[in-house]
Each structure stands twice: as structure tokens, then as C-alpha cells.
Amino acid sequence: MPGIRRILPLAISGLLLIPNVHAAAKWDCRATVSGEWECLKDGIPVAAESGPGGTITPERQADEPAEEQPTSREESMALPGPTPLVAADPTAEADSQADADVPSPPPGGTGNSDTPTADTTAQPATEASLTAQETGEAATGTETEAPTETLTPAASTDRAGPGKRDTSDNSASVKAAREAPAQPTADAGAIENAKRRAEPEMTAPTQATMPESSTLRAENKSSDTTDGGAAASTTPAVSSQPAADAPSAAVETGNRSAKAASETVPPAIAAPASPVLPEATAADPRLDRGLNWNQCSGGRLPLIARPAPADDDSTRIEADAADLYRNENRAEFAGNVRIEHANERLEADRVDYDRNSNTLDAEGRVYLEQPGLRISGDRLHYQLDQRSGNTQQAEFRLTDAAARGTAASAEMLNAEQSRYSQVTYTTCPPGNSDWLINAGELEIDQETGVGVARDASVSFKGVPFIYLPYATFPIDDRRKSGFLPPSIGTSENTGADISIPYYLNIAPAMDATLTPRIMSKRGLMLGGEFRYLTEKSKGVVQAELLPNDSERATGQSSSRGALNIKTDGRPGDRWYYDVDLNYVSDDDYLDDLGNSLAATSARHQERRGDIRYQGDGWSLLGRAQHFQTIDRSIAITDRPYYRLPQLLLNLEKPDQAMGLTYHLQSEYVQFDHSSESKVKGRRLDLQPGISLPLRQPWGFITPKLSLRHTRYDLENQTPGLDSSPSRTLPTLSLDGGLYFDRPANWFGNAITQTLEPRLFYLYTPYEDQNAIPDLDTSELGFSFANLFRENRFSGGDKVGDANQLTTALTTRSLDRASGEELLRASIGQIFYFRDRDVQLQSTGAAVNDDSSAIVAEASARLSRSWRLQGGLQWNPHELGGRTERSALGLHYDDRKGRILNLTYRYTESSIEQTDLSARWPVSSRVHLVGRWNYSLLHEKSMERFAGIEYDSCCWITRFVVRDYRSDANSEGNLALFLQLELKGLTSLGDKIDQLLERGILGYRSDD
């Protein structure tokens, strides 16, 4: 008789719920501005009067039973407005062939187990009576407050009639709900015994909307009940047992699955009276739902899409069962409870909702999600208005910081701040805890982006290596004051080298870093960096001071230092300035204390200040420029001149009268020098010009005419030479080219192949320039681009005489689908129609070759990963020819971490070197890195390093051994570098990634 055993607890529970739980038809109520309520019943406006506390008193229909007056224990204490309670129905259509109806029990009375019936529908009542007798417990009408469990039946059908539920269109399966303290009809022992003997039933989810203080919204999605029906009263599978009528709260009965409504409902499962609450585990799948831990870094991770709340000020609740305690102004929800409030979400097995304080008490598989934070635990107390609460045995996720952790207790202070005790914290993905912060207390402030840990230790691979009684750290990209990761290394110049920087966040657009540096060989150095950023300017100031260098030789100053200032900005519309000042205390400073090849190979420290105005087609530049030469091998007479000051006015006006373009290059500069014997003075250089560009799709031609006038006012001029020399020279050029193309095929790919011949004629007459010193002039390097320049010298001191024609040919292969250049090859040569008498040195002999060296360059994309580049300058006038310059580079980059660069460079009599660099993975996490720059001319290695980097999901370590020298004549310097980067937390050791980016073409660090 399993069916009979099921009925008794259901009937008893239904009777007990009558005074407390009330059902209604489909209601949709909202609070008006005046504080009254506007309600819809099944979409039709219903006249209502405001009862005490703002309750809704719907108009009754003719066939509806009268209201049931509350008992002495159930005083009229209604929630403000219709309180939503939802029973969703996943069952099929109501079975209209039910044999009989179970009569409604009398209001406030007990179930009558002896009620006879003419068919099988009498069976539940009979068995209910038998069950009560078996337990020896008699049903009584006395008041007790022992809660009982209301169980959920399968779908059933009642014939419509007075006092019954009308389910002819779609029956409602009422959900299991925990009993409210009310008037029981049997003692707790009998009820509990009956519940233990009940067969399981499947419960359908319940969905409700519980608003904040004033706004209330209720919506019935499925079956229709009378205003006085008890929505939470339960009925057997074969029939519906209506409850007595009472003043109703708005109830919605939602069918959450259309598919379930067309299928046979399996036996229902009774909810346990005291559900077993699972402990919070580290594997709650909801915590990582929608997160992509494969990124394994401190970057932002995507959040799962969440449904928007029904209203901005409402709380939406879904559950398998629900009870409403009107006198206590609260409700209980059980079974797959899901609550959405604004942009927050709460999930649990059971939730008690207190409307007076707007608080929730959740138990069993509790999960809370706020923007940027997710927490799971075994229990949670939460205040909806303040967004504050606490839980125990919690696990959390910081979704914006891609971090996770556990805590013995967690307290949400508000929407942005939270506090934890006995905490672990890491950015490693679930299942990986290679590094951990263990702290007695942890505070997270998402508003300021700062975490505060107390009694904290950092462990790596289970080994603690840092203990901090108090520490703060960033949880996002925002800046904060505090110690930065130390840098630890060693080299032959400095010995053991440790730097401990401290960062000062002075203002949102201003900060500073103080860096004490301890070198075992040289002593203590203090370094500092100041940065600022405004709407119109930015700048960086760096300074270092070593008061007493113990390695300095006798007679040399032991106090050493350096200063660098860089700033630029826009003080006004079209005005720009740029300042770059550099200073070192002595010539050996960079060799001894610099840590990069670029710094140690510098020969001059520039000090420059520019101010520029940009007009429409013209610009004005004012400059002051000075140099500090730090290479003592450079003679003082060979050091560069200073420009104090330099003024440049340039103009470029295209599309003028008849299509002409106007040009102007002008300069005034005063030169100074550190040697008193060098020629100094002022120079004025003016070069106006005019050109007529003519362009067509098949080619172009551009004639140009210019006139250059230069005048000097010199001091310390060579005896016998004019101290105010001048020069005026015209220049005529004609530049033209054609464009041919045809379709072709490149290894099975459709391409467009082009052929682009080009001619460039240049004429400049000869003028004696021996009286003009070489202040800032040098001979340009020979390259394909320089074949088309109007002057073979840089600067304004020399204008090369020319009567020459440049011939060049370029071919390209372009992918027809993407337009990408697959191949480019160019070759060119200058043919001279007269000797070149003007040379860089005034006493230099004329060059009488009838042609220049041949210049060629090529670039090819061999595949998606391989690229080849090369250049050649070949002199055909030597016997058998002579290569004057050459370069060849082969580059491989598969965009998956494999990088290989092979380069050869040659310049006659000055440079011949090979350069090999690579980053190559030997496994998914281990990469080998290295570079070898070797001088074939001096038979020495200029720089070589080799190392290994291990890239785990949440940490990276790099180790590099480096040997380098500043020039071919200096001694090598051996250095060791070690870096450990804990992703999302800190980096310890040297900035090896910066060294690798400089030394390996194509290398990019993950951070």
C-alpha cells in the first residue's frame, strides 16, 4: 500500500499549512508613486483596496468561497503587498479522467481519515487513517509549533467546483515545502513516521519574485487557482486536495519546462525533514562556470552571462518549494533555490528570507556571485540592501584578477569590500597550487584594487620563502605604494648585486620609485625615478648616486652618479616640446655599472631640447644640443659639435598653381666645441625649390628645381681661408618610373607580379668649397634608398657636384587574395657623366669612376614562418669586383614560441660579424633562449648568453648566463641572471625578459 502511505503526511501537511500559506491566481502587482498597489489578475485589472500595511484585498468572484478568518495564533499580519510564492508545474496535462475528488478538510480542522469514498479515491483517506493508527498517534486539534515537512505529489486533477482548484486547462503540481509553525493535527512523531514511509516523488522547480522594501512583483505562469486556494498544500498523485479558503497572497505557478509538461511524471521524491548540508568543497563547478582558466595569467577573464533581474529594485527567486510565514513576515524556500537581486546571484539548497530586515539565511551548497567576486560555502547570512554577509568554510574567486582562494570564514562588508580569515590565495588554476599566499587575515577592496594580508607567507612549490607580518598587494592594474620585487644578480663588475625598489604612488598622474642597490664589490648605491603625466605633458627623471665606489683606482673620484631627464608635451595648440638630458659622472660609468649592451656601447651622452610649431604645410623647430663624450679613445678634436642654438624652418605646399609643389628648407645654427682650437661659428642655409608631380596609374614623372644658398661667420678659421665663406648652387632633378603588372602563380597561389623600372637624373654644378669646414657633415652610407637623394652628404657644409643618372629596377610578387607582399627585389646603379670633385675632406682627391657600386636588396616570405632578407653593395671597378657592404638575415617565427634568427653583417674594414639568436621550446613549458654575437674581424664574441625559461600556468622562471663586452678592446663581463615571476602577484630577480626582447628579434614576454 505505498500509495496510501504517501497520502497521510501530504494531507496532514496540507491542513497544517492552511492558516499560513495562501494561493492566488495569476497576479502581477506593482507599487505606484502614491504608495498604493496596481494589480493584474490573469492580465485583467482588478479593483483592490489598500488594507493594513498596504495589503491587497482582491474582489471576490461569485463562485469563490468566503475568506477564512485567521486563528488566534495567526493574527492579520500580512506582508506589504502580495507576497509571491511559486509552484512550477513540469507535468503533463491534467488527467481529466480522475476517478473522484478528495473533499476539502474543514477550515482549521484535521484531516478525516474515515471519510468513505465510492472508488479508489477513497484509498488515500483510508490509508491515512490506518497509518495514524499504526503509529499510535491520534490526530488532535490542539496548537503546537512543531514544524512538519510538506511533501510534493505528482500532477493531479480536480473537477472544478466551489472550493476546489480549477485545473481543467493546466494542472499545477504543488511543490514540497517546509511546514510553517501552525496548528498541527497530529503530533510530530506520527508525522515524521509517516514521512519516513512515504514513497519518493520528483519535485518541480518553483520560481518567485521577491522585491525589496516597496516594490513587489508576482507572476503566475501556469495553472489558475482560486484566491483562497492553498498553493503549498499538497495532494496525492490521483487527485487534488483543495485547502480551505483564506485571504490570499499573490502567487505565481510557473511551468519551467514545456517539454516536461508533455511527459509522464516519474514518482516524486520527498524532501527530507532535515536535509544534510554538504561541506564546501574546492571543486564546486559553479565557481569556475564561464571562466577560462586556460589563460593562466593575471588578465581579465570573461564572466558568464547572467539574466537581468525582473526589476531594478526587485528580487527574483526560484525554488522547488516555498512556505510563507505571514505573521513573522518571512518566507522559506527549499530545493535548488536561486535568488537574483540586481547584479547578484545566490544559489543554495535552503534559504530563509526575512522581509523586515531584507536578509537571507542560506544553507547547503551555498553559492554567491557578485561583480568580480564568487563565493561558495556551507552557510551564508546575507543582507540584500547593504550587500553584506558572512559564510564559513568558503572558497572564492576574484574573476577580474583571475585569482582564487579558500578561507575558514568570509565576510562581505559591502559590494566592493570583503574580509577573510585563515586564507589561501593564488592565481594558479584549480588543481594547481604551485604558489600560495597563506595569511591569517586577508582584506580585498575591489574599489581601490588593493589586497591587505596579515601574518602572511608566500610559498613556492610548498616551500615558504617570504614571511610578512603585514603586506599589501594589487589585485588589478592600479598602482599603489609599497615595495616592488627585488632584483638579484651577480657580475664580474659589481659582484653580488641586489636592488630593492620602493614604489611611491604620489598622485593619480605622478609617482616615484626609490631603489637602494647593494653591490658587494662597490658598495651601496641609491637610485630613483620620478614620473608624471598630465593632460598636455609627460616626463621621467632618473638619478643614481654611488657615494663611495670601493673599486675606483687611486686618484680617481670615488663618488659616481648619473642623471637622465626625458619630457615632452604640448603647451599650446600646434606647439610641441621634447627634452632629453643625459649625464654620467665619468667615462667608465656605463661600462662599470650599466647592465645592457646598448648602454655600455654608447659613446656620447646627448643633451637636447626641442620646441616645435606645426603650421599648415610648414613647421618651425628650435633646438639646443650638446654631447658628453664618454669614450676616452675618441680624440677631443674628433668629438661632435654642439648646436647652441639651431633653428629650422621647413615648408611643403603641394597642389598649388598649375599643380606645382613649393619646397623650402632653411636653417640657422651656431656651432660650439669642447676644443678651443676647433673652428666655430654660425651658419645660415636656405634652399627653396619647386616641383611638378605628374602621376598616372601606369607611372609617374616629377621634375624639380631648387637653389641652395649657404653663408658662414666663423671663428678660429684656418689661416689663409675666408672667415665668412658662402655658397650658392642650383640643383635640377628629374624622377620618373613605370608600373607593369601581370597575373602569375607562386607555388600554387594566385599572385600579381610587378615590374617597376625607375630613372632619376640629378644635376648640380661644381663650386669650390674648400673654405667651408666640416661642422656636422658626413658621407651618407650607400643603400638603395640613397640612390635617389639630391646630395651624397648629410648636413649643410658640403653639396656634392653631380651630373648623373640612377637606373633601378624593382619587382614585387603580391598575393592577389590578401595583397600581402611575398617577394620584393630591387637593384640599382648610378652612372656618372663627370668626376666628383667635392669630397668630405677639403684636400680629398676627386673620384673619377664612371659608375657607382651596384646596390641590390631583396626580401621574401618563404612560408608563413620563414622570411629572408638581404642586401649587397658590390663595386665592379676593382679587379674581380669587391663587396663593400653586405647583410643577410634568415628569420623563423611560427607564432607558437619557436624563434630563430641568423644574421650576417659586413662593412669593409670596420664590421664583420655573425648574430645567432633563438627561443626554442623543448616541451610545452620549457624554452631554451640564447644569443651569440661574434666579431669575425676581431675574432671575439661581443655578446653571448644562454638560458632556460620555464613557463608554468601561473608562474615563470628564467635563468640566463651572459658574457658581453662594450667594444672589441674591452674585457668581457660575465653575469648571471635569475628571475621568478609569480603571475598576478610579483616578479623576483632581474628583468631578464627585457634583455631577451632586446637580444632576440621577435621575442615577446607574456606580461
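**Exercise 1. Characterise the salt bridge between Glu820 and Arg861.**

Solution. The side chains of Glu820 and Arg861 meet in a salt bridge, with 2.5 Å from N to O. The term denotes a side-chain nitrogen of Lys or Arg within 4 Å of a carboxyl oxygen of Asp or Glu. The model is predicted: local features need pLDDT of at least 70, side-chain atom pairs count only at pLDDT 80 or more, and totals for chains, interfaces and linings use all residues. Residues are numbered from 1 along each chain as its sequence is written, and side-chain values use heavy atoms, with hydrogens and water left out.

Next, locate the partners. Glu820 lies in the loop between strand E42 (802-815) and strand E43 (821-832), and Arg861 in strand E44 (residues 854-861), so the pair ties together parts that are 41 residues apart in sequence. Strands (E, at least two residues) are DSSP runs, numbered from the N terminus.

Finally, assign the accessibility. Buried means under 20% relative accessible area, exposed over 50%, and partly exposed in between (1.4 Å probe, protein chains only). Glu820, at 28%, is partly exposed, whereas Arg861, at 12%, is buried.

**Exercise 2. Determine which parts of the chain are tied together by Asp776 and Arg643.**

Solution. The closest N and O atoms of this salt bridge are 3.1 Å apart. Asp776 belongs to the loop between strand E39 (749-764) and strand E40 (778-779), and Arg643 to strand E32 (residues 642-653), so the pair ties together parts that are 133 residues apart in sequence. Arg643 is buried, at 17% relative accessible area.

**Exercise 3. State the total of salt bridges and identify the members of a network.**

Solution. The count comes to 66 salt bridges. Arg522, Asp549, Arg552, Arg560, Asp586 and Asp592 are linked in a network of such bridges.

**Exercise 4. Classify the aromatic pair of Trp866 and Tyr892.**

Solution. Rings of Phe, Tyr and Trp (its six-membered ring) pair if their centres lie within 6.5 Å; planes under 30 degrees apart count as stacked, over 60 as edge-to-face and the rest as tilted. The structure holds 14 aromatic pairs. Trp866 and Tyr892 are 4.6 Å apart, centre to centre, with 50° between the planes, and the pair is tilted. It links distant parts of the chain: Trp866 is in strand E45 (residues 866-875) and Tyr892 in strand E46 (residues 882-893), 26 residues apart. Trp866 is partly exposed at 30% relative accessible area, while Tyr892 is buried at 14%.

Definitions and conventions:
Helices (H or I, at least four residues) and strands (E, at least two) are DSSP runs, numbered from the N terminus.
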